[in-house]
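Visitor: I would like to learn how to read a few features of a model. Please take them one at a time.

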Amino acid sequence: MDLNGPALPPRPVAQSQSEMSELILPNDTNTLGNLLGGRLMNFIDLVGAMAAFRHARSHVVTASMEHIDFIAPVHVGDLLILKSSVNRAFKTSMEVGVKVWVENALAGTHHHVASAYLTFVAIDPQGRRVPVPPLQTETADEKRRFEDAGRRREIREAEARRRHIPKFQPART
Ligand SMILES: CC(C)(COP(=O)(O)OP(=O)(O)OC[C@H]1O[C@@H](n2cnc3c(N)ncnc32)[C@H](O)[C@@H]1OP(=O)(O)O)[C@@H](O)C(=O)NCCC(=O)NCCS
């Protein structure tokens, strides 16, 4: 597919926002009955992919998961609520933010337990990268996340150049 083809129409953030809930069972936990970090990362990857898949309307792969904060432990029997939202769409990639809460269903309260940023890349069934629609931001929070995602991408690319990752080096003339 042509990566420089005609521009795709923008898609609003709300159209791809996703949510998932999980009851934490003993198989998900360590010997103290706390949710395993890797299991939580798996849930975060899944709910993040849902938002990217909906935005791109194509297959997606996880390119990176970065800046994951484990803020509070999650225990066996907890009800986990995960929400994902596309922060910014670039050419073939999208940054998705994921926020995770534990819901106390008896008290009707929530507390924040984790957050993460992930980048997904849209691909066709043959695994070739495909363009994604631009993101249409509407609320003040969506606009702030959009700007922040741009800054994170600049920092990521500068860091990759510093570490001499070949694909991030400027082309030789
Ligand atoms: C992600 C992947 C498709 C990128 O392909 P690539 O040929 O290296 O592509 P490029 O370097 O040209 O980058 C393509 C896009 O991905 C982004 N990207 C690539 N690596 C990235 C990373 N580590 N973090 C964030 N974004 C990344 C680039 O910024 C670029 O975005 P843009 O098109 O929106 O400008 C490829 O590395 C891949 O297939 N990785 C394995 C994915 C996978 O299997 N995930 C599951 C792991 S279990």
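Guide: Start with the largest nonpolar core. A nonpolar core is a set of buried Ala, Val, Leu, Ile, Met, Phe, Trp, Tyr and Cys residues joined through C-beta atoms within 7 Å. Buried means that 20 or more other C-beta atoms lie within 10 Å of a residue's own, exposed means 12 or fewer, and partly exposed is in between, with C-beta atoms placed from the backbone. Here the largest core has 34 residues, and Ile 44, Ala 52, Val 86, Met 94, Val 96, Val 98 and Val 100 touch the most other members. Helix H1 (37-56), S4, S5 and S6 each give two or more residues to this core. Helices (H or I, at least four residues) and strands (E, at least two) are DSSP runs, numbered from the N terminus.

Visitor: How should I take the numbering and the confidence?

Guide: Residues are numbered from 1 along each chain as its sequence is written. This is a predicted model, in which local features need pLDDT of at least 70, side-chain atom pairs count only at pLDDT 80 or more, and totals for chains, interfaces and linings use all residues.

Visitor: Which residues is Ile 44 in contact with, leaving aside its neighbours within four places in sequence?

Guide: Two residues are in contact if their C-beta atoms, placed from the backbone, lie within 7 Å. With those neighbours set aside, Ile 44 contacts Leu 82, Val 98, Val 100 and Ala 116.

Visitor: How does S4 pair with other strands?

Guide: Two strands pair if DSSP finds at least two bridges between them. S4 pairs with strand S2 (residues 18-23) in the antiparallel sense over six bridges, and Leu 23 has Leu 79 in S4 as its bridge partner. S4 and S5 are also antiparallel, over 10 bridges, and a hairpin of three residues joins them. Eight of the 11 residues of S4 are buried.

Visitor: Which residues come nearest to the ligand?

Guide: A residue is near a molecule if its C-beta atom, placed from the backbone, lies within 6 Å of it. Of the 13 residues around the ligand, Ser 64, Phe 90, Lys 91, Thr 92 and Ser 93 come nearest. Strand S3 (59-70) and strand S6 (109-123) each give two or more residues to this shell, and S3 gives the most, with four.

Visitor: Why does Phe 90 count as partly exposed?

Guide: Phe 90 is classed that way because it has 16 C-beta neighbours inside 10 Å. Phe 90 sits in the loop between strand S4 (79-89) and strand S5 (93-104).
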